[in-house]
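Hello,

Here is the structure I promised to hand over. Please look at it first, then read my notes below.

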Amino acid sequence: MKRAIIVYLTFVHISFLSQAQIINPTRFLPQDNYQNNNESFLLGLPNNEMLMIWFDSTNNQIKSAKSLDGGNFWSNESIVTTVTPTIHNIDINAVVLNSGRIILTYRFSVYYYRYSDDNGNTWSAPTTLPTRSSPAQRLRIFLSSLSKMSNGQIVFTHSFSSSPTVQNAKGIFTIKSSDGVNWTSADTIDLDGKNGYIINTNNSKDILVYQDSTESGKDIFYRNSTDAGLSWSPRNLLVNGTFDPTEPKGAMDQNGKIWLYYFESTVTPFSSIYQS
C-alpha cells in the first residue's frame, strides 16, 4: 500500500534549495473530541489576527475561530454556514483583498462564495461562483484554489470534469475579480494539468504550480506570468514523479523565499494492510 505525506521545499526563481518536514504538530484547540473536523484553511488578517475556517462534518457546518496571539489561543467557534453534504469535498479556500475584504469559496454541488468586511465576524449571503455560464457545467468544476495576484486581483483556479465526478477533472482554468463580487469569464491556461495554485511573488510576477501526469508518472510543473495572468510562459518541470507528487501549493515568506508544499506518496512495508 501507499501512504501520503505532506512535503515542503523552498525555491528561489524555481531552483531547489531544501526539503523538510513539520514535527510535533499541535492539536487545534476549539474542537471537541466528538467532532469530525476536516478541510481546514488558515488565513492571516490585516489586523494581525489569524482566522481558521474548517468543515465540521458532524453537523455539516463550515465554522471559524480567531487567534490574536499567533495561534496559541483561539476564540470559541462560530458558524459560517450550514451546507448539504455531497460525495465530494467541500474544498474550502479563502483570501484577503487589499481592501481588507475576506473572500471565502466552498463547494456543495457547485462552488459558492461569501465575503466579510469585518474580519470574519459576519458574512454575506452565499452566491454561486460564475465558473461557467451554464449551470449544468458548474456542477463539473472541481479542484479549486484561491489566490491574490501581483496586481491585487484575486484568482479562482479550477479544473473541469467530463463527468459529474472529480476523477475526470483536469485542465487549469481561472476566473478573476477585483472585489470578490464581479468576476471575469473563464480563461484557459492548460488543458492537461490539475490542482493548480498561483503564487504571488510581490514583484509583478506570478507563478502557477500544478500537477500533470501526461508524461512519466505524476509531475509538478510551473509557469510564470509577468502581466497578472494575461499570458503565461511555457511549462517547466519542478518536481519529477518519483514519489507521485500531487496537490502543490505555495507561499512567499517575509524574506522573499518561496515555499512549495505538495503531497508525496510512499510505499509502506505493510502488504494488503490499510491504515488511516
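Which residue sits in the turn of the hairpin formed by strand 8 and strand 9? Serine 109 does, with a positive phi of about 75 degrees. One residue lies between the two strands.

Some ground rules before the rest. This is a predicted model, where local features need pLDDT of at least 70, side-chain atom pairs count only at pLDDT 80 or more, and totals for chains, interfaces and linings use all residues. Residues are numbered from 1 along each chain as its sequence is written, and side-chain values use heavy atoms, with hydrogens and water left out. Strands are DSSP runs (E, at least two residues), numbered from the N terminus. Two of them pair if DSSP finds at least two bridges between them.

**Around strand 9**

Strand 8 covers residues 102-108 and runs antiparallel to strand 9. Seven bridges join them. Arginine 107 stands opposite tyrosine 111 of strand 9. Strand 9 also runs antiparallel to strand 10 (residues 127-128), with two bridges. There, tyrosine 112 has threonine 128 as its bridge partner. Strand 9 itself spans residues 110-116, and six of its seven residues are buried (under 20% relative accessible area, with a 1.4 Å probe and protein chains only).

Four strands form an open sheet in the order 3-4-5-6, with antiparallel pairing. Strand 3 (37-44) and strand 6 (78-82) are the edges, and each pairs on one side only. Neighbouring strands here are turned by 20 degrees against each other on average, direction ignored; the axes are lines fitted to C-alpha atoms. Strand 5 (residues 61-67) pairs with strand 6 over four antiparallel bridges. Lysine 63 stands opposite isoleucine 79 in strand 6.

**Two buried serines**

Serine 159 belongs to strand 12 (residues 154-161). Its relative accessible area is 0%, so serine 159 counts as buried. Its side chain reaches the backbone oxygen of glycine 171 at 2.7 Å. Beyond its neighbours within four places in sequence, serine 159 is in contact (heavy atoms within 4.5 Å) with residues including Phe142, Phe173 and Asn195.

Serine 147 is in strand 11 (residues 141-148). Serine 147 is buried too, because its relative accessible area is 3%. Its side chain reaches the backbone oxygen of isoleucine 198 at 2.8 Å. Leaving aside neighbours within four places in sequence, serine 147 is in contact with Val95, Gln153, Ile154, Val155, Tyr197 and Ile198.

Best wishes

Note on methods. Buried < 20%, exposed > 50% of the residue type's maximum accessible area, 1.4 Å probe, protein only. Axes fitted to C-alpha atoms, helices over the stretch in contact; angles between N-to-C directions. Polar contact = N/O pair within 3.5 Å; in protein donor to acceptor, adjacent residues only side chain to side chain.
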